[in-house]
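Welcome! Please have a look at the sequence and structure first.

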Amino acid sequence: MHAGFTDLEVTAMSAALQAARRGHRGANPLVGAAILTRDSQIVVGHHAGAGSPHAEADVITTAIDLGVDLTASSLFVTLEPCNHVGRTGPCAQAIIDAGIPDVVFALPDSNHAAAGGAATLTEAGVRVRSGLGYEESSALNSRWRGAVAAERPFVTAKIAQSLDGMVAAADGTSQWITSTASREHAHQFRSRVDGILVGTGTVLADDPRLNARGPSGEPLESQPVPIVLGLTSLPPESFLALNPDTVHLRTRNITAALGELRSRGLRHILVEGGPSVLGAFFAAGAVDEVFCYQAPLLVGSGLSSMSGLNTSTLSDAVSLVPDETAEPAMYQLGPDVLLHFIVGEAGAGAGAGAGADHYTI
Ligand SMILES: NC(=O)c1ccc[n+]([C@@H]2O[C@H](COP(=O)([O-])OP(=O)(O)OC[C@H]3O[C@@H](n4cnc5c(N)ncnc54)[C@H](OP(=O)(O)O)[C@@H]3O)[C@@H](O)[C@H]2O)c1
């Protein structure tokens with residue numbers, strides 16, 4: 001049912017979609033690419049995340065390394081090649097420079113700054129077709145496109161909880177519910193986001209630094225902007241009050257806060273809680289992705305990981321879809337289990353990100 005495309009072309013686009021799932025969700029969409037050579041070989045590439053090469057550049061580099069004749073090849077990409085100079089150069093020009101005569105893309109680029117790649121390619125004499133893999137590519141990035149349309153950052157929520165869903169014991173103790181392995185994973189993740197957000201309650205309770213640290217406490221290369229949400233003033237001697245980079249948003253309005261963060265150029269936010277702010281983000285429909293570190297502890301009474309969702313019947317429950325992009329949807333970290341979900345994007349988890357870089361049909 002792919003009118004106008006050969007079986008080999010359908011297979012090439014499937015390979016590009018599979019490759020897209022190797023990337024990390026966040027500021028940029030998941031994008032994959034495949035080059036179909038004259039002798040029916042397929043080479044794949046993907047975009048690993050903001051600041052790294054786009055999928056087209058990645059696959060062109062791999063194909064050149066493999067000695068592929070690009071002037072006799074077709075390129076399949078899950079998103080229209082971009083036309084703008086962002087953190088990397090325009091992909092449309094890279095395709096023209098590589099001499100690729102034939103391009104198939106799945107989804108038009110709705111980002112006005114980047115759109116227009118198809119027209120540039122056509123003007124340069126490249127054969128351009130679209131629509132193959134449209135539904136799959138659209139579903140894969142539906143949360144990301146929703147965030148862009150709402151002019152807010154992509155939002156990941158982190159939950160670190162006991163098996164009975166507690167983030168703190170009744171006496172307020174909360175360090176450390178999860179294991180060293182989980183905390184190391186969480187710090188690596190912190191270094192990939194633009195900002196980390198907590199409410200004033202967490203600042204008062206824990207005096208967090210909200211930075212990204214390695215196993216020995218050393219700062220990681222890329223540091224997120226620390227963000228605090230809420231009306232209460234920060235204690236003057238707290239780490240976040242003393243950090244000149246801290247952004248304190250004196251509001252409880254999630255939509256306004258996210259709009260402000262986007263206007264400051266932040267495109268991927270990690271919400272680390274506590275329960276009031278986490279619940280408020282879910283209630284506002286403003287969580288796109290969830291990482292839940294589940295520790296093998298039963299705390300009994302304590303502070304539940306989320307409050308304020310105001311759902312009283314199962315049919316109103318927020319449902320999450322296991323997400324296989326970049327890493328498995330579920331795996332063990334020391335004694336803990338890490339669960340990775342995407343919100344409201346059915347089918348996004350299908351097809352794990354594994355697979356060869358180069359294979360023959
Ligand atoms: N285990 C973990 O991973 C983890 C992570 C974080 C926190 N915690 C624990 O969580 C506890 C703190 O809980 P918490 O709920 O007070 O923390 P919180 O959610 O970080 O902060 C709550 C405060 O945020 C402000 N706020 C801003 N926007 C809000 C909104 N839309 N809805 C509700 N409140 C909003 C309010 O203060 P204003 O009056 O200032 O507006 C509110 O009192 C501590 O015991 C901490 O150790 C555990």
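Predicted model: local features only at pLDDT ≥ 70, side-chain atom pairs only at ≥ 80, totals over all residues.

Residues are numbered from 1 along each chain as its sequence is written, and side-chain values use heavy atoms, with hydrogens and water left out.

## Around the ligand

Let us begin with the ligand, which sits in the largest pocket. A pocket here is an open set of points on a 1 Å grid over the protein atoms alone, with protein on both sides within 12 Å along at least five of seven lines. To sit in one, a molecule needs more than half of its atoms within 2 Å of the grid points.

Which elements give two or more residues to the shell around the ligand? They are strand 7 (166-169), helix 8 (200-206), strand 11 (268-273) and helix 11 (275-283). Helices and strands are DSSP runs numbered from the N terminus, with at least four residues (H or I) for a helix and at least two (E) for a strand. Helix 8 makes the largest contribution to the shell, with 5 residues.

There are 25 residues around the ligand, and those that come nearest are Thr202, Thr232, Arg252, Gly274 and Ser276. To be near, a residue must have a heavy atom within 4 Å of the molecule. By type, the shell holds 11 nonpolar, 11 polar and 3 charged residues. In this scheme Ala, Val, Leu, Ile, Met, Phe, Trp, Tyr, Cys and Pro are nonpolar, Asp, Glu, Lys and Arg are charged, and the others, Gly among them, are polar.

The table gives polar contacts, meaning pairs of N or O atoms within 3.5 Å.

| Residue | Protein atom | Distance to a ligand oxygen atom |
|---|---|---|
| Thr200 | side-chain N or O | 2.8 Å |
| Leu231 | backbone N or O | 2.8 Å |
| Gly274 | polar backbone atom | 2.7 Å |

On its own the ligand has 920 Å² of accessible area, and the protein covers 80% of this. Such areas come from the Shrake-Rupley method with a 1.4 Å probe.

## Backbone spots to look at

Most residues other than glycine have a negative phi, and most peptide bonds are trans. Another cis peptide bond links Gln175 and Trp176, with omega about -5 degrees. Trp176 belongs to the loop between strand 7 and helix 7 (180-190).

Now for phi. Glu151 has a positive value near 55 degrees and lies in the loop between helix 6 (142-149) and strand 6 (154-162). Is Glu151 buried or exposed? Glu151 is exposed, at a relative accessible area of 60%; the classes are buried under 20%, exposed over 50% and partly exposed in between (1.4 Å probe, protein chains only).

Asp207 also has a positive phi, near 45 degrees, and is found in the loop between helix 8 and strand 9 (225-229). Asp207 is partly exposed, at 30% relative accessibility. The C-alpha atoms of Asp207 and Glu237 are separated by 9.3 Å, although these residues are 30 residues apart along the chain. Glu237 is exposed, with 66% relative accessible area.

How values were computed: Polar contact = N/O pair within 3.5 Å; in protein donor to acceptor, adjacent residues only side chain to side chain. 1 Å grid on protein atoms, 1.4 Å probe; cavity = no way out; pocket = protein on both sides within 12 Å on 5 of 7 lines; lining within 4 Å.
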